[in-house]
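User: Please take one part of this structure and go through it closely, at the level of single residues. Then set that part against the rest of the chain.

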Amino acid sequence: MSDFDPADVRVIAFDIFGTTFDWYTGVSEQVSLIAAEQGVTIDGGRFADDWRGRYVPSMRTVNSGERDWAYLDTLHRESLDDLLELHGVADAFDEAARRRLVRVWHRLPAWPDAATGLARLRRRYVLAALSNGGFALLTNLVHHSGLPFDCVVSAELARAYKPLPAPYLTAADLLDVEPGQVLMTAAHAWDLDGARAAGLRTAFVERPLEKGPHGASDRAEDATSDLAVTGFTGFDGLADALGC
């Protein structure tokens, strides 16, 4: 957009799953390991894809009012129980194992450029993790990764999921800035569409391997945004674009 001025931005908000952290690798490897400990073999990549495929539909039931508020760990658990049945391995996983599986989303590897890119951006901007993940999940991810976020803003605080306006506006309100002073950064067109509708500025960061070696991730041409970073430069590319 021609009227975008980086000098107007005070806060950069970052999507987490796929944009900042590599959910595919983290989930697939941990699922395979836990399954092996239970004495069964699971295609971790396929299971991760199937689990992630239920992410948006499960949140949609909350946003539509079809069900009361439920935080993401609850939605992940419900999807997990269904998937274990579909994969024919439900009997191999007791309650403790299922809880461990839900918690794999709390420990994911960050993309290689995340630490350096965020450190550069933090010299000029306040950095917020803005995600549909629960508050504990986000806190655990940031704690274990050591990424230099200034704060986490969970959809749990808004009791609504992106792409509804509430999570984006909650972030702006809590950080005492105008929506237009927040630059929402994500690798997903639907997330940026929601942010833009709420009055935020937007940056698309391409993550070609988000869905593993065979999945199709969003591309810059799929998204409408103020800035677009393509290829594998990630947050370092965003820092370059913003002159950090």
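Analyst: A patch is made of residues with over 30% relative accessible area and no salt bridge; like charges are joined within 9 Å, and nonpolar side chains (Val, Leu, Ile, Met, Phe, Trp, Tyr) within 5 Å. Accessible areas come from the Shrake-Rupley method with a 1.4 Å probe, and for residues only the protein chains shown count as cover. The model is predicted, so to speak of local features requires pLDDT of at least 70 and side-chain atom pairs count only at pLDDT 80 or more, whereas totals for chains, interfaces and linings use all residues. Residues are numbered from 1 along each chain as its sequence is written, and side-chain values use heavy atoms, with hydrogens and water left out.

By the patch rule, Phe135, Leu157 and Leu174 form a nonpolar patch on the surface, and together they have about 290 Å² of accessible area. Phe135 belongs to helix α7, which covers residues 135-145; helices (H or I, at least four residues) and strands (E, at least two) are DSSP runs, numbered from the N terminus. The relative accessible area of Phe135 is 38%, so this residue counts as partly exposed. The classes are buried (under 20% relative accessible area), exposed (over 50%) and partly exposed in between, with a 1.4 Å probe and protein chains only.

Side chains of opposite charge can pair when their charged atoms come close.

One partner of Lys162 is Asp15, with the closest N and O atoms 3.2 Å apart.

Pro163 is found in the loop between α8 and α9. Arg159 lies in that loop as well, and has a positive phi of about 55° although it is not a glycine. Most residues other than glycine have a negative phi, and most peptide bonds are trans.

Past α9, Asp176 lies in the loop between α9 and β4 (182-186). Asp176, again not a glycine, has a positive phi of about 60°. Its relative accessible area of 66% makes Asp176 exposed.

Now for the rest of the chain. The count of salt bridges comes to 19. Among them, Arg120 and Asp240 meet at 2.6 Å, N to O. Arg120 is in helix α6 (residues 114-122) and Asp240 in helix α11 (residues 234-241), 120 residues apart. Arg120 is buried at 19% relative accessible area, whereas Asp240 is exposed at 51%. Arg77, Asp81, Glu95, Arg98 and Arg99 are linked in a network of salt bridges.

The structure holds 0 disulfides, a disulfide being a pair of cysteine sulfur atoms within 2.5 Å. For Cys151 the nearest cysteine sulfur is that of Cys244, 17 Å away. Cys151 has 21% relative accessibility and so counts as partly exposed.

Overall, the protein chain has 11 helices and 6 strands, and of its 244 residues 53% count as buried. The C-alpha atoms fill a box of roughly 55 × 35 × 30 Å along the principal axes. Among contacts (heavy atoms within 4.5 Å) between residues at least 6 apart in sequence, 67% join residues at least 24 apart. Ala7 and Leu242, 235 residues apart in sequence, are 9.1 Å apart in space, C-alpha to C-alpha.

Definitions and conventions:
A salt bridge is a side-chain nitrogen of Lys or Arg within 4 Å of a carboxyl oxygen of Asp or Glu.
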